[in-house]
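Okay, thanks for coming, everyone. Let me put the model up and then walk you through a few spots in it.

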Amino acid sequence: MSGLRDQLTYGAYAAGWGAVKKLPEPVAVRLGRTIADIAWKRRGKGVRRLESNYARVLPDASPERLAELSRAGMRSYLRYWMESFRLPAWSKDRIRGGFEPKDLHHLTDGLAAGKGVILALPHLGNWDLAGAWVTTELRTPFTTVAERLKPEKLYDRFVAYREGLGMEVLPHSGGTAFGTLARRLRDGGLVCLVAERDLSASGVEVTFFGDATRMPAGPALLAQQTGALLLPVTLWYDDSPVMRGRIHPPVDVPESGTRAEKTSAMVQALADAFATGIADHPEDWHMLQRLWLADLEPRPGPSGAESTAAESAVVEPSGGESPSGAREGQVRPGERR
């Protein structure tokens, strides 16, 4: 059964990359919206979790408002997938015209300083499109991290897809990602990390929309270790074919405190910036999984003690945690990576 699931999973993604990218853009847009509406009407587990997460972002929202928001959220989510499947076929001009960021000077000034830049993003909008815009419009390559997926050929396909957009992709497992990212930053390079979900025991606990969750320490640790600039980024859609974005002011390394205290303060600052973008555009936050600690189901730990059902973060030999905070595991059709 596991082998069959792997084949079906790979087949679903391969069909997307093979067929959707050949469709005229208006047809792909309509297809994505149709699939989103069907999924929303079925009210599966992912849709219900999306709605539950939106309820934390908008605690005063009525059930009708949350249902309306989850429908918009699924349409945004499928827009992400339709765009991602089609990105390899987009022209450079289409990529350049597909994204419009505000406050770009934070990034360009940081790169010009030559000390390296870390962009940290939540699951808002389409970070693959933003990355393709950086490599195309700014002509700046960057390095990112991807979890190893099952089946292995699906992981290879995702890596090839992102490398084709101009990204260097490192596997988060194996104990080498953190060191490689640090070297890229010391050479004045750019690193991009999706960074609002790390529910492992080694994640940093933060307050997010009034309740506790954990986020990965990697971006903050890299900034401390290398002196690179740490910039939060938020993305969103409007009614146009152009995705919008904002590069927030830098998250500075505190001047005093222990390493753990500095890391905690920096990760909380990232969480606050992410929350600003999510509150402004909640329908573009594609979080179909559990996020807050209160929503996690306890499970027995290795010693028999209770621990949260979460993804395990890799502790790198250098003492830094995995920047991705993601687990190794099987990906299901429709699940975002």
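What you see is a predicted model, where local features need pLDDT of at least 70 and side-chain atom pairs count only at pLDDT 80 or more, while totals for chains, interfaces and linings use all residues. Residues are numbered from 1 along each chain as its sequence is written, and side-chain values use heavy atoms, with hydrogens and water left out.

So, the overview. The protein has 11 helices and 13 strands. Of its 337 residues, 53% are buried, where buried means under 20% relative accessible area, exposed over 50%, and partly exposed in between, with a 1.4 Å probe and protein chains only. Now contacts, meaning heavy atoms within 4.5 Å: among those with a separation of 6 or more, 76% are between residues 24 or more positions apart.

Let's start with R49, which sits in helix α3, residues 45-57. Is R49 buried or exposed? R49 counts as buried, because its relative accessibility is 16%. Leaving out residues up to four places away in sequence, R49 touches M287, L288, Q289, R290 and D295.

Next, the core. A nonpolar core here is a set of buried Ala, Val, Leu, Ile, Met, Phe, Trp, Tyr and Cys residues joined through side-chain atoms within 4.5 Å. The largest one has 86 residues, and M74, L119, F208, L235 and W285 have the most contacts inside it. Helix α4 is the top contributor to this core, with nine residues. Take L235: beyond its neighbours within four places in sequence, L235 is in contact with residues including F99, L121, W127 and M243.

That leads us to the strands. Two strands pair if DSSP finds at least two bridges between them. β10, residues 243-247, runs parallel to β1, residues 99-102, with four bridges joining them. F99 stands opposite M243, and E100 has R244 as its bridge partner. Four of the five residues of β10 are buried, so β10 is largely enclosed by the rest of the structure.

Now for a pocket. On a 1 Å grid over the protein atoms alone, a pocket is an open set of points where a 1.4 Å probe fits, with protein on both sides within 12 Å along at least five of seven lines, and lining residues have an atom within 4 Å of a point. The second largest pocket is lined by 22 residues, with V29, R33, R75, R79 and D238 nearest its centre. Two elements give two or more residues to that lining, α2 (25-42) and α4 (63-86), and α4 has the largest share, eight residues.

R139, in the loop between α7 and β3, has a positive phi near 55° without being a glycine. R139 is exposed, at 69% relative accessible area. F209, between β7 and β8, also has a positive phi, about 55°, but F209 is partly exposed at 24%.
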